[in-house]
Amino acid sequence: MNAWQAFVDHAGNWMPASQSDGGGTWDTRNRARLDVFERAIRQTGSIEIIGEPTEKRITLRFDCTSVSEFAVSRARAILVESGAENIAFDYYLCGARKERFTDALDASRRLRRLWQISDALLQPPSVVCKASDPDELRRSSDPAIRELACLLDLWDAKAGVLDAEVVPLLRHLDLLDRTLLMERADESRRPVFTFIGEGFTLYGDDWPKYAVGRPVEDQPDPVYGRWAAKTFEVMMASGLPQFEEVAALIRTPKGWPRARQYKCLRLLWHSETGEPVMSSTSMLARDAHVQLVS
């Protein structure tokens with residue numbers, strides 16, 4: 001029995017009549033193996049395997065957020081055993097996706113990798129904050145902190161009005177690349193990004209460009225995005241400057257957690273037409289006095 005025929009027997013795909021026992025019907029032994037396999041893969045694991053033996057083709061359909069490790073292990077074994085040369089993945093992971101492979105071993109490795117990514121995504125990230133008096137910025141001797149103090153002084157001097165002079169001054173203070181601006185969307189009233197400094201590259205170098213105009217909560221890490229959107233609502237309610245030390249575990253678009261510690265100054269401005277605008281200016285800080293807790 002060759003590798004492909006072994007796949008046919010174990011995976012439960014239709015065997016040509018000329019190769020089956022009993023005039024084109026499954027014999028009792030093969031039918032039992034088919035039933036056991038389908039229960040293991042389709043029910044326990046949420047992986048659907050569709051095979052076309054004559055073309056050595058296999059299609060796997062699954063949802064990465066619900067697939068089990070058991071099903072992944074069984075499906076990987078079937079892939080390797082089959083020797084298929086035309087393999088398709090039709091799956092869901094942060095959106096519907098499709099992939100094609102010509103090597104069963106590569107497909108097996110990729111399936112394992114997808115499961116690892118989805119497992120990491122299902123682990124909730126952590127965000128821990130410690131608020132401090134913004135006036136502490138003015139008393140600090142740290143040059144980087146003093147830059148934030150200059151921004152606070154600018155906000156005071158402008159009475160919170162975000163006019164045409166503010167952005168050039170942010171650039172002069174070397175803070176523009178580390179600043180986010182958020183406003184309410186016209187219709188949904190949800191906070192959206194209206195400016196993202198080029199220094200925010202955790203989600204990729206292009207993220208500062210394509211995320212402008214999108215809701216603040218609509219980030220590759222949705223839990224961190226919802227937390228960031230909540231800071232906007234807090235600022236809208238208080239109107240007061242906020243200075244926080246933050247420790248966060250943030251998921252990248254590929255699903256891997258990245259620890260970040262930073263200090264952040266948030267200010268509520270108003271445009272010249274009176275619309276509220278929140279700025280969030282941050283700096284990475286290894287000396288932050290907060291730590292992630294499990």
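**Burial, ring pairs, pocket and salt bridges**

Student: Is Tyr 203 buried or exposed?
Tutor: In this predicted model, the relative accessibility of Tyr 203 is 9%. The cut-off for a buried residue is under 20%. Tyr 203 therefore counts as buried.

Student: How are the rings of Phe 62 and Tyr 91 arranged, stacked or edge-to-face?
Tutor: The count of aromatic pairs comes to six. In the pair of Phe 62 and Tyr 91, the ring centres lie 5.4 Å apart and the planes stand at 5°. Planes under 30 degrees apart meet the criterion, so this pair is stacked.

Student: How many residues apart are Phe 62 and Tyr 91?
Tutor: Phe 62 belongs to strand β2 and Tyr 91 to strand β3.

Student: What is the arrangement of the rings of Tyr 203 and Trp 207?
Tutor: The centres of the two rings, Tyr 203 and Trp 207, are 5.1 Å apart, and their planes are at 70°. An angle over 60 degrees decides the class, so the pair of Tyr 203 and Trp 207 is edge-to-face.

Student: Which element gives the largest share of the lining of the largest pocket?
Tutor: The largest pocket holds about 590 Å³ of space and is lined by 25 residues. Elements that give two or more residues to this lining are β7, α9, β10 and β11. The largest share, five residues, comes from β11.

Student: Are Arg 266 and Glu 244 buried or exposed?
Tutor: Arg 266 and Glu 244 form a salt bridge whose closest N and O atoms are 2.9 Å apart. Arg 266 lies in strand β10 and Glu 244 in strand β9, so the pair ties together parts 22 residues apart in sequence. With 2% relative accessibility for Arg 266 and 15% for Glu 244, each of these residues counts as buried.

How values were computed: Residues numbered from 1 in each chain as written. Predicted model: local features only at pLDDT ≥ 70, side-chain atom pairs only at ≥ 80, totals over all residues. Heavy atoms only, no water. Phe/Tyr/Trp six-rings, centres within 6.5 Å; stacked < 30°, edge-to-face > 60°. Helix = DSSP H or I, 4+ residues; strand = E, 2+ residues; numbered from the N terminus. Buried < 20%, exposed > 50% of the residue type's maximum accessible area, 1.4 Å probe, protein only. 1 Å grid on protein atoms, 1.4 Å probe; cavity = no way out; pocket = protein on both sides within 12 Å on 5 of 7 lines; lining within 4 Å. Points joined across faces, edges and corners; volume = space filled by probe spheres on them. Salt bridge = Lys/Arg side-chain N within 4 Å of Asp/Glu carboxyl O.
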